Amino acid sequence: MKNILAFGEVMLRLCPQHYKMLDQTDTLDMSYSGTGLNILSGLARNGVQTSLLTVLPENPVGHAAAASIRKLGVQDNHLIFKGGHIGTYLLEMGYGNRPSQVTYLNRSESAFCTTEISDGQMQAALSGVDLVHICGIALSTSKISRENALRLAKMTTAMSIPLCFDFNYRMSFVKPEERSSLIADYKQILNEANIVIGGKKDLTLLLEMAFDEEHESLADLYQRFVHDYDLTYFCGTEKSAQGYFKLVRGFLADKENIVFSDDKVVTTYDRIGTGDAFAAGIIQGLIAQCSLQEPVDFAITSTQLAHTTYGDSPILTKSFIQEKMKYDDLDVMR
């Protein structure tokens, strides 16, 4: 896999400086973000050819977003410009015991969520691609973005291109009366997928898979999911706490085996996008055709380090991450 395409929304991120709350500041840092873009930027930084299929507004904001995409090393030849609005979120970064808070502004009316992408545009984007990533949040943000995602998934399968699907379920975006149709569409796209990124809550709360914690382990649940949907891989992260320390570990399962990383202590500077760092790390490991253990160890170290960098997009190189894996207590790299 040397050419990766992602389908997903690019959003404008606005963030007060110095961990301030919104009502404490009149200055906001501006950047562009989105699951697909974040994953691609992590891969592009390590020499993988990447491109993004998305819709941006036809105005200076949209073109500034396109410039940011290019700066991250992601190819811009499948960007579509239409409409006048970009999805926006304001991030009040948490500190200590105070969690971060995200506020979305009129996301359902963004160019991405209101523009139907043609079959021709999708086919052009899929030409020469080795893997497609679709973010599940596109199933929740609007009817149009959901239909675009489902059509792209079917087209990907028809062209025999492996599909990586990330649950990324957002309960706050879904009206109660829409839940059953959303679950049906999730199941539809899961049947097209080869690689799925998610976790226990996605399987038990969204898909409503039965799980008896007294008689079944998480490993059993994950492998049952792999077999139920005939997946090549299922992976994700699990969080826990030990005293004052917050821990994260990763897992990667195929039909025969499941492996877990060691627990990693996380120190949080900016936690948004850390799951995308994990996804990029897994794909990077699968590109190298390593054993199951190597990709998950690399991906969880990527996740741990992503907690310590500012912004949503992974910025640390493969060599930096591997050095951290080799010398976990390293203070200074010289």
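Met11 has Ser33 in β3 as its bridge partner. This pairing belongs to the contact between strand β2, residues 11-16, and β3, which are joined by six bridges and run antiparallel. The model described here is predicted. The points below place these strands in their sheet and then turn to a pair of packed helices.

**The sheet**

- An open sheet is formed by four strands, arranged in the order β3-β2-β6-β7.
- The pairing within this sheet is mixed.
- Strand β3 (28-33) lies at one edge and strand β7 (101-105) is the other edge strand, each pairing on one side only.
- On average, neighbouring strands of the sheet are turned by 25° against each other, with direction ignored.

**The helix pair α1 and α10**

- Helix α1 covers residues 35-44 and helix α10 covers residues 274-287.
- The two helices pack with their axes 8 Å apart, at an angle of about 45°.
- The crossing in which α1 passes α10 is right-handed.

**Residues at the helix contact**

- From α1, the contact involves Thr35, Asn38, Ile39, Gly42 and Leu43.
- These residues meet Asp276, Ala279, Ala280, Ile283 and Gln284 of α10.
- Sorted by class, the contact of α1 with α10 comprises five nonpolar, four polar and one charged residues.

Notes. Residues numbered from 1 in each chain as written. Predicted model: local features only at pLDDT ≥ 70, side-chain atom pairs only at ≥ 80, totals over all residues. Heavy atoms only, no water. Axes fitted to C-alpha atoms, helices over the stretch in contact; angles between N-to-C directions. Left-handed = near helix turned anticlockwise from the far one by under 90°. Contact = heavy atoms within 4.5 Å. Nonpolar A, V, L, I, M, F, W, Y, C, P; charged D, E, K, R; others polar. Pairing = 2+ DSSP bridges.
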